[in-house]
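Please look through the sequence and the model below before reading on.

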Amino acid sequence: MHIVFAASECVPFAKTGGLADVVGALPPELVRLGHRVTVYLPLYRTVRPFLPESYEYAIRSVTVPFPHYNRFAGVVDGGVRDGVQYYFIDCPELFDREGFYGPRGAGDYGDNAERFGLFSRAVLEATKQLGVPDVFHVHDWQTAVLAVLLRSVYFFDPVLRNVGVVLTVHNAGYQGWFPPRTTELLLLPWEMFTFDKLEQNDTFNFLKGGAVFCDYMTTVSPTYAQEIQGAEFGSGLEGIFSRRHWDLRGILNGVDYSQWDPASDGHLAAHYSADDVAGKLECRRDLLHAFGLEQVAETTPVLGIVSRFATQKGFDILAAVADQLAEREMVLVALGTGEPYYESFFRSFAARYPGKVAVEVRYDDALAHKVEAGADIFLMPSRYEPCGLNQIYSLKYGTVPVVRATGGLEDTIEEWNADRRTGTGFKFSGYHAGDFLWAIDRALWVFANDPEGWKTLMRNGMGQDYSWEHPAREYVEVYEEVQRRRG
Ligand code: ADP
Ligand code: GLC
């Protein structure tokens, strides 16, 4: 089968979060299973360093019409890596910018509808020359609009009309809301701007369009697939998600152990594994050094956070108990960037407790790996979490997760049971600061008072296998189902 991925992020080329990890890792796994996979990405500024000095255009110019002008996109051949063919859609006036979605990764560019509308249309055009797939696999609102175009203005295209589309919803909290005139901008008929298709609260909704027009939807964990069918997590799209629940499946993300394994991770000061965790102590020292916390005693647990600082991630309930937490025997290191409100919360938390709380407000892949390895406990109090990868990385790194029981966090972390010696972390359900603190306290208690129990907890986590092979097979089942339906 030939599968074309159209996505707005993919490691190593462009990343703000887990979407990039998934789009980086799933295609090579599909290739290992015997399929042909092509990945299309926008040619952002961050992609340029990956191109050879004299790169080739696979297509010099694709015409993408807008109401009063055409834009022209090149398709740059990004070559083959791990069996996956990469193409980059080159439209410098739209993509050669500082951020992917907005300046400095925060906020949005005013022309995002045009940027990602152009991207999706250019991908459709490019595939007609470079290889028509059996299935398109699109991701989140940015490329959901490809399904809309395919089933409307491309309806009569003899080459594309029978190609199926799978939409993966990585995060229903971001839907791509644009003004009604976006309908005209994308040359779509006004008849489509209705509540059963693209319109919602008088906005043009990219994700909704994808959910309506795709052949099949997946989300990144089974629990999240259920959650988005209700008002709390569906963010207004619960109606369409529940109406199409037969076409909706939760497939838990895998993780790429070639990048995220303490036995081989190139960013670490020492290596370790479940059989010999000695190296973790060296990683802890290295991490504390990176955060300027060299004086910490070995008996003091290190709490770690790596996250986009977004409302989704639940740091308001951390803020509510920050001073109580600071009274505990622990140190906290946090790496993240995002909404100014949370950046300033973390900065002021660190300023109030020097030597105990430290924060780095930036995006730093190497440091993210060091936190996973060097911390003893990893905090994810997410308000909602479609899957979450950091807790899965934490398991592999023997870093015990404390998580809120939502989405993929619910599906991947099992509460520690001291009698049966089972479980991999600590969970709380309600969105209450007190419950979060109580879960942290349970973790701190085991760390301080039951060293054997703690070792078992670490070992239980390190023994988990979340490699991509199983989820990749599930995606193949979905692609095959879509092919069957399209005949
Ligand atoms: P989300 O996609 O919602 O941000 P995930 O847990 O699925 O959450 O994935 C987050 C990914 O982004 C992880 O690979 C994590 O290490 C990475 N990440 C997040 N913030 C940073 C940061 N400030 N520096 C480096 N990596 C980060
Ligand atoms: C989204 C979600 C996250 C998920 C990631 C990859 O960004 O917030 O939970 O792990 O996508 O699917």
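This is a predicted model: local features need pLDDT of at least 70, side-chain atom pairs count only at pLDDT 80 or more; totals for chains, interfaces and linings use all residues.

Arg97, at 17% relative accessibility, counts as buried.

What does Glu114 pair with through its side chain? The side chains of Glu114 and Arg71 meet in a salt bridge, with 2.6 Å from N to O. Because Glu114 belongs to helix H3 (residues 112-130) and Arg71 to strand S4 (residues 69-81), this pair ties together parts that are 43 residues apart in sequence. Glu114 is buried, with a relative accessible area of 9%, and Arg71 is buried as well, with a relative accessible area of 19%.

A further salt bridge joins Glu474 and Arg249, whose closest N and O atoms are 3.2 Å apart. Glu474 counts as buried at 16% relative accessibility, whereas Arg249 is partly exposed, with a relative accessible area of 23%.

Side chains of opposite charge can pair when their charged atoms come close. The structure holds 33 salt bridges, and some residues are joined in a network of them, namely Arg244, Asp247, Glu481, Arg484 and Arg485.

Arg151 lies in the loop between helix H4 (140-150) and strand S7 (164-169), and Arg151 is buried, with a relative accessible area of 15%. The C-alpha atoms of Arg151 and Cys214 are separated by 8.5 Å, although the two residues are 63 residues apart along the chain.

The report now turns to the ligands. In all, 23 residues surround ligand 1, and the closest are Lys15, Gly18, Arg308, Lys313 and Leu389. Helix H1 (18-32), strand S13 (302-309), strand S14 (331-338), helix H14 (365-374) and helix H15 (390-396) each supply at least two residues of this shell. By class, the shell around ligand 1 divides into seven nonpolar, eight polar and eight charged residues.

Ligand 2 has 14 residues around it, of which His170, Asn253, Glu385, Cys387 and Gly388 come nearest. The shell around ligand 2 draws at least three residues from each of domain 1 (2-254 + 468-486) and domain 2 (279-462). H1 gives the most to this shell, with three residues. The shell around ligand 2 has six nonpolar, six polar and two charged residues.

| Residue and part | Ligand atom | Distance |
|---|---|---|
| Arg308, polar side-chain atom | ligand 1, oxygen atom | 2.7 Å |
| Arg362, backbone N or O atom | ligand 1, nitrogen atom | 2.8 Å |
| Asp364, polar backbone atom | ligand 1, nitrogen atom | 2.9 Å |
| His170, side-chain N or O atom | ligand 2, oxygen atom | 2.7 Å |
| Gln312, polar side-chain atom | ligand 2, oxygen atom | 3.0 Å |
| Pro386, backbone N or O atom | ligand 2, oxygen atom | 3.5 Å |

How much of the accessible area of each ligand does the protein cover? Ligand 1 has 560 Å² of accessible area on its own, and the protein covers 94% of that. Ligand 2, taken alone, exposes 310 Å², of which the protein buries 94%.

Conventions. Residues are numbered from 1 along each chain as its sequence is written. Chains are lettered from A and ligands numbered from 1 in the order in which they are written. Side-chain values use heavy atoms; hydrogens and water are left out. A salt bridge is a side-chain nitrogen of Lys or Arg within 4 Å of a carboxyl oxygen of Asp or Glu. Helices (H or I, at least four residues) and strands (E, at least two) are DSSP runs, numbered from the N terminus. Buried means under 20% relative accessible area, exposed over 50%, partly exposed in between (1.4 Å probe, protein chains only). A residue is near a molecule or strand if one of its heavy atoms lies within 4 Å of it. A polar contact is a pair of N or O atoms within 3.5 Å; within protein, one must be able to donate a hydrogen and the other to accept it, and residues adjacent in sequence count only if both atoms are side-chain atoms. Accessible areas come from the Shrake-Rupley method with a 1.4 Å probe; for residues, only the protein chains shown count as cover. Ala, Val, Leu, Ile, Met, Phe, Trp, Tyr, Cys and Pro count as nonpolar, Asp, Glu, Lys and Arg as charged, and the others, Gly among them, as polar. Domain bounds come from an automatic or database domain assignment.
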